[in-house]
Amino acid sequence: MTLNYPWLANIWSKWQFGLEHGTFSSATLLISEPGLGTEQLVNLFSSAVMCGNYASEACGVCHSCQLMQARNHPDFHLVKPEKEGKTITVEQIRTCNRLAHESSQLSGKRLFIIDPVESMTESAANALLKTLEESTKTCVFLLITYKCHQVLPTVMSRCQRWQVPKPSSQVMLEWLSKEVSSTLPSFVAHINDNAPLATLSFLEREQGDKYHQIEREFFDCIKLNGDITSLAKLLSSSHEEYLKWVWYLLTDAQKVYFGLDEAYFTPGAKVLAGCLSYEKLYQQSDSLSRLTEQLKEYTGLNSELLILNWLTKFNEEVCS
Ligand SMILES: [Zn+2]
């Protein structure tokens, strides 16, 4: 197994040093953003910890490594929500605690990965605290979070914290140019939060045309000759991604008012700034942020209806 993402090389070599010298913390919190390839770091770490021959990398041939490759190692425990978007329950953590107090099946280390840690219910988090404090060199906990602000301080304070670094634009563009043959429009990394894997996925799915379609239909709507019902339907079909694009368009247009004109701005930003006042852009990007948070938090909501509501109010504001 090799590391394919150059921006992770530094953190991985520090982790390897810790594993090699026995100084790696037995309770670690890994803080990341989506789209940085963090899974690969976690996989490398897990294989290294479980390997029976080496301390800081997997030999690939020992019994432990073979069990890890078969995803069948009795001392490796991945704790995650049973369904995406659900919680990690207190029962799951109690099972963890029990296993942490037993001796390992293969007389090596036991590893517990909790992913993502913010999915734990409060009682699950409380159940974990004592075990985290008592974890030993042979019983390792790696907690992963993509929403650091939601992790309980009591959990946070018991862990050594590491932040997955974001690549610089240059490192990311160099990496992307090796991965894709097409040229990269400058706004693409920007609307993907400068996250390399998300940007790559955007290019592979050829989402550029979709972006331009959304921008075009959005302009039609604010000029009051578009079909907001069809735009709401389109936006809700992949709302997490598409609403983010619209949010970037609105916030870039606000920056135009501050005299900024960056090459990576969304293509329609300048035109939009010419159509709407700064106050309206600010209000609408703000209410869009709230809508996005709401949709993320409550997965059962009717996104199409809520987006339609937002667009309708947007138009009323434009006309008023
Ligand atoms: Zn091995």
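## Briefing: helix faces, an open sheet and selected residues

In helix α10, the buried residues are Y211, I214, E215, F218, F219, C221 and I222. Seen down the helix axis, they fall within an arc of 160°, so they line one face of α10. Buried here means under 20% relative accessible area, exposed over 50%, and partly exposed in between, using a 1.4 Å probe and protein chains only.

This is a predicted model: local features need pLDDT of at least 70, side-chain atom pairs count only at pLDDT 80 or more, and totals for chains, interfaces and linings use all residues. Residues are numbered from 1 along each chain as its sequence is written, and side-chain values use heavy atoms, with hydrogens and water left out.

- The arc is taken from the directions that run from the helix axis to the C-beta atoms.
- An α-helix has 3.6 residues a turn, so residues three or four places apart point the same way.
- Exposed residues D209 and R216 sit on the face of α10 turned away from its buried side.
- Helix α10 covers residues 208–222, and its 15 residues should span 21 Å at 1.5 Å a residue; the end C-alpha atoms are 21 Å apart, which agrees.
- The expected span is 1.5 Å times one less than the number of residues.
- L224 follows α10 and has a positive phi, near 65°.
- Buried residues of α12 include W245, Y248, D252 and Q254.
- G259 follows α12, and its phi is positive, near 85°.
- Helices (H or I, at least four residues) and strands (E, at least two) are DSSP runs, numbered from the N terminus.

**The sheet**

- Five strands form an open, parallel sheet in the order β2-β3-β4-β1-β5.
- The edge strands are β2 (76–79) and β5 (160–163); each has a single partner strand, so one side of each is left without a neighbour in the sheet.
- On average, neighbouring strands are turned by 15° against each other, direction ignored.
- β2 runs parallel to β3 (residues 110–114), and four bridges join them.
- F76 has L111 as its bridge partner in β3.
- Strands pair if DSSP finds at least two bridges between them.

**Helices on the sheet**

- Helix α2 (residues 38–50) lies across β1, β2, β3 and β4 (139–145), and runs at about 165° to β3.
- Helix α5 (residues 122–134) also packs on the sheet, touching β1, β3 and β4; its direction makes about 135° with that of β4.
- Axes are lines fitted to C-alpha atoms, for helices over the stretch in contact; angles run from 0 to 180 degrees between N-to-C directions.

**T28**

- T28 belongs to strand β1 (residues 27–31).
- T28 is buried, at 0% relative accessible area.
- Leaving aside neighbours within four places in sequence, T28 is in contact with F141, L142, L143, C159, Q160 and W162.
- Contact means heavy atoms within 4.5 Å.

**Cysteines**

- The whole structure holds zero disulfides, a disulfide being a pair of cysteine sulfur atoms within 2.5 Å.
- For C148, the nearest cysteine sulfur is that of C159, 11 Å away.
- C148 is partly exposed, at 25% relative accessibility.

**Q150**

- Q150 lies in the loop between β4 and α6 (153–156).
- Q150 is partly exposed, with a relative accessible area of 43%.
- Q150 and N53 are 97 residues apart in sequence and 38 Å apart in space, C-alpha to C-alpha.
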